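This briefing sets out selected structural features of the model shown below, grouped by topic.

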Amino acid sequence: MVFGFPDPEAVARRVERDPPPIRKGARDGHSRLLPVLQAIADGSLLAVCYAALQAALGEAPLVGPIELSLFAGAGIAWARRRRWTGPMADMVGSIALAVLGGALAWFLDPAVRVALVGGHTEAALGLHLPGWVGAVAVLRGRTHAAREDDEDQQDRMLRFGIPLLALPWLVGHLASEGGAERAFIGTAYISTLMFAASAFTALGLARLELVRRTSGEAAGSRRSWLLLVGGVALGVTLLGIPAAALLGVPVASLTAALVGPLRTLLLVLLLLSTPLIVAVAALTELLGPLLPRGITIPRISLPRLDTVPADISSTPTIVFFAVLALLLVAELLLVGLYLWYRMQERRRAAAAEVAGFEERAIVRPPDEASLPPAPPASPRRRFDPASPVGAYLAALEELAARAHLARRASETPAAHARRVGASIGGPSLGRLAAAYQLVRYAGAPLATRETRRAPRRVEELRRRIQHG
Amino acid sequence: MTGWLALAAALVATGAAANAPGLVVVAAIAAGYATLTRLWTRFGARNVSYERRLGASRAVAGDSVALDITVWNRKPLPLPWIAVDDLLTEGLTVRERPDLDHADERQHRRLLRNTWALTWFERVIRHFHLDDVRRGAYELGPARLRIRDLFGRDAADDEVEGRTTLTVVPRSVPVTQVPTDRAPLGERRAPSSLVADPALFSGVRPFQAGDGLRRVHWRATARLGAPVSRRYEPARGRTVVIAVDVQTLDDVAHWEMAYDDDAFETLCVVAASLARRYLDDGASVGIAAASFTGTPQRIAWLAPRAGMGQVARVGELLARIGPVSSMPFGALLAWLARRLPSGATVVALSARDARVVAPVLRRLGRSGFAVEAIGVASTWSGDALGFPVHAAHLTPDWQHPDGLRLS
């Protein structure tokens with residue numbers, strides 16, 4: 001209604017439901033995906049910086065984007081926890097997690113492990129300083145505590161992250177050579193691609209989530225958007241591999257970055273299994289004297305943590321192709337997933353059509369060029385002043401060209417004739433109008449003499465118009 | 001975006017100078033970001049059509065009206081996120097969107113938000129329903145169209161100016177009069193009359209001796225070749241004007257803008273029903289109310305006319321008036337006295353105590369107008385007021401009325 005006042009109860013209801021309720025399913029899906037992307041973006045950016053630092057020290061990077069993303073993810077998970085939310089628990093937990101991340105990254109260096117096994121703790125502490133990047137990754141993840149700041153954070157990440165990427169790339173290239181440079185390029189290249197894909201997707205998702213929170217829109221459109229942006233990310237990946245060769249990035253060195261996480265995983269498994277192995281060894285030592293003569297238990301030797309792994313860049317060709325095949329399978333799986341999602345979308349659209357709420361169709365607008373040409377404008381009608389009707393219409397046409405003499409919409413023919421007569425003089429128009437009405441409306445035959453006078457009256461009118 | 005492209009160019013140059021191909025990768029990312037976002041900024045809002053179509057432009061209170069929203073991306077560039085905020089006048093209930101947000105920039109407006117992701121050349125039609133529409137004049141539009149790019153950034157926006165109006169007229173119900181032996185409210189149209197109304201032209205007839213020259217229809221005479229005279233409708237015995245008292249509370253001044261919504265809606269239903277009844281009986285019916293109707297005029301006025309076409313006009317006017325009074329009811333009646341011919345019937349329709357309007361009506365009666373009063377309040381009583389008084393009762397209520405009983 002145009003009038004009246006807003007219903008106070010309705011306003012109160014609006015305030016109560018601001019922000020609007022979020023559907024559980026949609027929020028859960030988002031709360032899983034966005035932090036994962038944020039962690040990957042943070043970890044990838046740090047991985048480029050770390051690789052440059054290692055390259056400057058003349059060493060190959062030992063931690064890749066995946067490991068650092070896991071560290072950052074741990075930081076995010078801690079920051080968004082629902083229990084132990086007190087300030088003291090927060091401080092202690094954050095510091096402990098950062099120390100743990102840093103220590104794990106530090107421990108990934110074989111030289112550190114060799115020094116530790118050899119009892120040279122002080123020397124070990126001076127080694128693999130960039131390993132502390134792990135701690136930084138955890139703390140970086142810690143900054144994503146507030147979901148409300150996701151959009152701002154991701155915006156800043158892109159705004160400053162992309163230009164920032166140039167610096168480690170430049171340092172890495174200028175400060176290293178040979179194998180170290182190749183190792184740097186491999187890690188930095190993969191990290192950069194991962195950063196681009198995840199940071200852009202996270203930004204889009206964070207913005208759409210912000211819009212959804214403020215407007216309460218349905219999540220249906222976001223699903224289509226996610227598919228589109230996922231397609232672009234997939235395109236980046238598919239283009240990235242051949243682009244690496246074009247840019248002079250040694251493809252074999254890419255495997256170093258990809259095999260790195262596997263190596264880290266194995267090391268972690270080894271570390272986790274060491275206590276078990278030690279326990280089994282101790283048990284066998286205890287059981288040994290109790291066994292009858294002749295039965296011996298083979299000695300269990302602890303795994304060696306001080307072995308230096310072979311240079312990954314010299315990985316056999318078969319490993320390289322195996323990794324490549326894995327990538328291909330992964331991408332095919334993604335394409336399959338995308339097609340499956342499209343199929344689901346179509347099913348949903350079909351279901352919506354059945355429900356009758358929404359109809360979707362691909363409709364090409366008609367091509368302007370294929371439309372039939374507009375018919376040519378009809379030629380201007382010329383009235384024959386030889387007949388009384390034609391003479392009056394011709395006179396009106398002549399008068400219409402002069403604004404002050406043209407017949408007005410509200411004017412009767414008689415009033416018009418009077419006005420024209422007063423303006424230019426002569427009774428011609430009045431007589432033409434009378435003859436017109438007699439012929440057209442009364443159906444009265446006009447005398448021949450009157451018919452002959454009609455063109456002369458038009459001529460006279462023209463003359464008066466020109467002179468008047 | 002120019003900054004991003006400049007950055008990309010600088011990185012390529014640096015990469016070439018330092019023989020660092022990695023910088024080219026970063027440059028490609030920066031350039032890709034800039035190009036992708038520019039695509040939607042530049043072309044996003046182009047060739048997007050938005051259309052809003054109502055199933056009917058007029059409806060009766062309580063009806064359900066279909067509303068179709070169509071958005072069409074008429075270009076090959078897909079739109080990852082397009083939102084349209086359509087402004088609706090407050091009071092409309094959309095079945096598919098029970099809760100509509102208030103519009104921040106316009107008072108008494110709600111937002112019908114729709115969001116889509118459109119592929120190339122995709123057209124989407126959403127079928128909404130406006131349920132149980134209330135009496136009023138509603139406006140739909142304009143609409144604000146916003147487009148976001150692939151990264152969720154605001155890329156383009158546009159305003160679709162087209163507006164659609166929906167007029168919801170009050171229901172009109174059969175009127176029964178109790179007791180039935182009283183004189184009817186309206187007066188039947190006279191089949192013939194000594195006095196013809198020159199404003200009611202009804203055709204021509206052959207010229208008769210004694211017809212004045214002014215009465216001759218010269219154009220028709222010229223066309224027919226025989227003299228013909230104009231023929232007029234006989235003058236009505238009574239012109240009925242329903243004066244609606246939009247003030248619904250007794251002890252509140254007209255400028256206080258306080259009202260009883262139920263009483264006002266009841267007044268509208270009663271007025272529409274009475275108007276239909278009078279018109280059925282052949283009377284000329286007009287409506288007057290001291291209310292704004294979306295124009296600067298302070299009085300909603302419909303001149304009396306006969307014929308069933310007047311029913312629609314009465315409904316239209318009643319749809320547009322609101323419960324906020326623009327002047328005292330007495331002032332409206334005084335204005336009517338200057339406007340109407342002597343002898344016209346003024347039917348005062350009010351929800352207030354009869355004594356509030358009685359003095360003005362008595363004055364009108366003394367001025368030569370036939371005056372009647374109809375009250376919709378349950379306490380209405382017109383004893384010894386000096387003019388005929390009726391009490392109107394809608395059964396069962398104004399929201400779902402079946403009939404109007406006058407007693």
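Strand β7 (residues 109-118) of chain B is largely enclosed by the rest of the structure, because eight of its ten residues are buried. A residue is buried if 20 or more other C-beta atoms lie within 10 Å of its own, exposed if 12 or fewer, and partly exposed in between, with C-beta atoms placed from the backbone. This is a predicted model, in which local features need pLDDT of at least 70 and side-chain atom pairs count only at pLDDT 80 or more, while totals for chains, interfaces and linings use all residues. Residues are numbered from 1 along each chain as its sequence is written, and chains are lettered from A and ligands numbered from 1 in the order in which they are written.

**Strands around β7(B)**

- Strand β4 (residues 79-89) of chain B runs antiparallel to β7(B), and nine bridges join the two; strands pair if DSSP finds at least two bridges between them.
- In this pairing, L88(B) stands opposite R110(B) of β7(B).
- Strand β6 (residues 101-102) of chain B is also antiparallel to β7(B), through two bridges, and D101(B) stands opposite L111(B).
- The hairpin of β6(B) and β7(B) has six residues between the strands, and H108(B) takes a positive phi near 55° there.

**Chain B overall**

- Chain B contains seven helices and 21 strands; helices (H or I, at least four residues) and strands (E, at least two) are DSSP runs, numbered from the N terminus.
- Of its 407 residues, 40% count as buried.
- Among contacts in chain B with a separation of 6 or more, 70% are between residues 24 or more positions apart; two residues are in contact if their C-beta atoms, placed from the backbone, lie within 7 Å.

- Helix α2 (residues 21-43) of chain B has 23 residues and reaches 33 Å from its first C-alpha to its last, close to the 33 Å expected at 1.5 Å a residue; the expected span is 1.5 Å times one less than the number of residues.
- The buried residues of α2(B) include G22(B), V26(B), Y33(B) and W40(B).
- The largest nonpolar core has 173 residues, and V26(B), I242(B), A243(B), V270(B) and A271(B) have the most contacts inside it; such a core is a set of buried Ala, Val, Leu, Ile, Met, Phe, Trp, Tyr and Cys residues joined through C-beta atoms within 7 Å.
- Helix α9 (residues 179-215) of chain A gives the most to this core, with 19 residues.
- A second, separate core of 16 residues includes A395(A), L399(A), A435(A) and L461(A).
- Beyond its neighbours within four places in sequence, A243(B) contacts residues including A288(B), L332(B) and V346(B).

**Contact between the chains**

- Chain A contributes 52 residues to the contact and chain B contributes 50 residues.
- On the side of chain A that touches chain B, α9(A) supplies the largest share, eleven residues.
- That side has 34 nonpolar, eleven polar and seven charged residues, where Ala, Val, Leu, Ile, Met, Phe, Trp, Tyr, Cys and Pro count as nonpolar, Asp, Glu, Lys and Arg as charged, and the others, Gly among them, as polar.
- β1(A) pairs with strand β8 (residues 122-131) of chain B in the antiparallel sense over five bridges, and A361(A) has R123(B) as its bridge partner.

**Confidence in chain A**

- Chain A averages a pLDDT of 75, and 72% of the residues score at least 70; pLDDT is the predictor's confidence in each residue, from 0 to 100.
- Residues 1-28 of chain A stay under 50, and the pLDDT is also below 50 over residues 310-315 of chain A.
- Where pLDDT is low, the predicted coordinates should not be read in detail.
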